[in-house]
Amino acid sequence: MESRIRQLQNQLKPETMTTQYTLFDIPTKADPPRSWSPNVWNARAVLNYKKVPYETEWVEYPDIRVRLSAMGIPSKGGLMPWTLPMMRVTTTPADGSEPQIKYLTDSADIAKFLNENHPDPAIDFDSPITDEAVKTFNANLMDSFVGLVLCDVDLVLPERSAAYFHETRPKWMMMPIKYFKQKKINEGAWEKMESGMKVITELMNKNGGPFLQGEKVSYGDVRLLAYFLWAREGGPKEVWEKIEGWGGEVFQRFMKAFEENGALSRVTY
Ligand SMILES: N[C@@H](CCC(=O)N[C@@H](CS)C(=O)NCC(=O)O)C(=O)O
């Protein structure tokens with residue numbers, strides 16, 4: 001019995017295999033490129049927070065389909081058959097046998113996988129606060145973010161990605177991007193952003209902050225952080241300044257707490 005336990009312990013020893021993570025992310029045109037997509041940030045913030053080593057591979061918008069399908073990742077169908085983030089998990093056995101490769105193709109799956117395999121520091125995935133945070137953001141801020149952040153993302157993208165953006169997004173918007181942005185402004189995007197920041201900061205402060213549940217980080221905090229990084233990294237400067245101003249002290253504490261716990265430590269690599 002004892003030797004069986006030892007045998008099992010040996011199998012579990014970290015030196016018996018190595019695991020490498022590669023995060024596929026969409027670059028900005030900055031040098032070095034910066035991470036800007038809210039979907040990718042849902043995964044990247046978890047990697048950073050847990051201080052898990054990983055590499056970044058930057059893939060421009062028009063190349064996502066080409067690169068992912070070449071890796072054998074099946075299409076998800078619809079308007080966006082292949083998306084980022086994607087995380088490749090390569091496990092190499094110590095005995096030199098073939099590495100095993102696994103692809104995680106959705107940000108929530110990546111985040112959950114990391115939380116299960118790297119439990120410390122923990123992120124609470126079970127609390128209903130996550131759903132509440134996402135629903136509150138969607139109901140109060142998403143529309144203004146679409147108008148004032150998403151519509152201007154092409155300004156930070158490299159040329160080929162910006163061209164892809166201009167080719168694909170008007171199909172959802174049913175009109176050229178600049179008309180869509182104006183339509184959102186006419187429908188009150190700025191006012192909605194201001195009132196939405198009030199609602200979201202009330203939620204952030206419900207348990208005294210800095211996070212939704214107080215000191216404990218939940219996936220709901222990560223989801224909100226990711227949306228705000230979309231504005232900070234992918235949107236015009238004036239939008240980010242307005243968000244910071246309307247968010248006030250509660251919002252500042254929320255961002256600072258994530259800065260201090262490492263979630264924002266890697267933006268560019
Ligand atoms: N539910 C997915 C959504 C990912 C997603 O929509 N990613 C966008 C980037 S922000 C994408 O890769 N789009 C590819 C395209 O537009 O062709 C997730 O969170 O992983």
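Tutor: Residues are numbered from 1 along each chain as its sequence is written. Since the model is predicted, local features need pLDDT of at least 70, side-chain atom pairs count only at pLDDT 80 or more, and totals for chains, interfaces and linings use all residues.

Student: What makes strand 1 and strand 3 a pair?

Tutor: Two strands pair if DSSP finds at least two bridges between them. Strand 1 (residues 17-25) and strand 3 (residues 86-93) have eight bridges, in the antiparallel sense. Gln20 stands opposite Thr90 of strand 3. Met17 has Pro93 of strand 3 as its bridge partner. The strands themselves are DSSP runs (E, at least two residues), as helices are (H or I, at least four), numbered from the N terminus.

Student: What makes the set around Val46, Leu225 and Trp230 a nonpolar core?

Tutor: Such a core is a set of buried Ala, Val, Leu, Ile, Met, Phe, Trp, Tyr and Cys residues joined through C-beta atoms within 7 Å. Buried means 20 or more other C-beta atoms within 10 Å of the residue's own, with C-beta atoms placed from the backbone. The largest core has 59 residues, and Val46, Leu225 and Trp230 have the most contacts inside it. Helix 10 (residues 219-234) gives the largest share, 10 residues.

Student: Which residues does Leu225 contact?

Tutor: Contact means C-beta atoms, placed from the backbone, within 7 Å. Leaving aside neighbours within four places in sequence, Leu225 contacts Trp41, Ala45, Phe258 and Ala263.

Student: Why is helix 9 called roughly parallel to helix 11?

Tutor: Angles under 35 degrees count as roughly parallel. Angles run from 0 to 180 degrees between N-to-C directions, with axes fitted to C-alpha atoms, for helices over the stretch in contact. Helix 9 (residues 189-204) and helix 11 (residues 237-260) pack at about 5 degrees, axes 9 Å apart. Helix 9 is therefore roughly parallel to helix 11.

How values were computed: Buried ≥ 20, exposed ≤ 12 C-beta atoms within 10 Å, placed from the backbone. Contact = placed C-beta atoms within 7 Å. Parallel < 35°, antiparallel > 145°, perpendicular 65-115°, else oblique.
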